[in-house]
Every structure is written in C-alpha cells, then in structure tokens.
Amino acid sequence: MIERRFGVSYTLRGVSYLLHRIGYSQQVPNRRAIERDPEAIAGWHRGRWPSVRG
C-alpha cells in the first residue's frame with residue numbers, strides 16, 4: 001500500500017521503524033476506551049481471570 005500510494009517501497013522492518021518514530025505501537029493503545037467499565041473489569045478479574053491464568 002505504501003508503494004502504491006507514495007511510490008516508495010519499504011521492508012517490514014522499515015515500516016515498523018517509521019511507524020514507531022511517529023508514535024504508533026502495537027503493544028500500547030494511545031488512550032482508554034470511553035466505554036470502559038471499571039466494575040465489569042474488576043468482576044472479570046475476580047471471576048474469569050483465575051481460570052484463564054491456570
């Protein structure tokens with residue numbers, strides 16, 4: 001897509017480097033969801049997380 005749009009080709013590592021330089025990260029979201037429900041999250045941690053964790 002980058003090559004079609006801008007006429008320049010990059011390796012996957014090069015694209016990753018460029019995205020990282022402008023602040024994109026696949027591990028950390030930029031902000032929390034507006035719909036976030038702390039009570040539902042706490043309930044999930046108490047009820048479901050122990051079975052997921054093993």
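Here is a short chat about a predicted model and the terms used for it.

Mentor: Quick ground rules: local features need pLDDT of at least 70, side-chain atom pairs count only at pLDDT 80 or more, and totals for chains, interfaces and linings use all residues. Residues are numbered from 1 along each chain as its sequence is written, and side-chain values use heavy atoms, with hydrogens and water left out.

Trainee: Why is Val8 called partly exposed?

Mentor: Buried means under 20% relative accessible area, exposed over 50%, and partly exposed in between (1.4 Å probe, protein chains only). Val8 has 37% relative accessibility, so it counts as partly exposed. Its place is the loop between helix H1 (2-6) and helix H2 (12-21); helices are DSSP runs (H or I, at least four residues), numbered from the N terminus.

Trainee: And what makes Arg53 exposed?

Mentor: Its relative accessible area is 66%, so Arg53 is exposed. Arg53 sits in helix H4 (residues 49-53).

Trainee: How do you know whether Asp37 is exposed or partly exposed?

Mentor: With a relative accessible area of 40%, Asp37 is therefore partly exposed. You'll find Asp37 in the loop between H2 and helix H3 (38-47). The C-alpha atoms of Asp37 and Tyr10 are separated by 40 Å, with the two residues 27 apart along the chain.

Trainee: What about Arg53 and Arg31, how far apart are they in space?

Mentor: They're 26 Å apart, C-alpha to C-alpha, and 22 residues apart in sequence.

Methods: Helix = DSSP H or I, 4+ residues; strand = E, 2+ residues; numbered from the N terminus.
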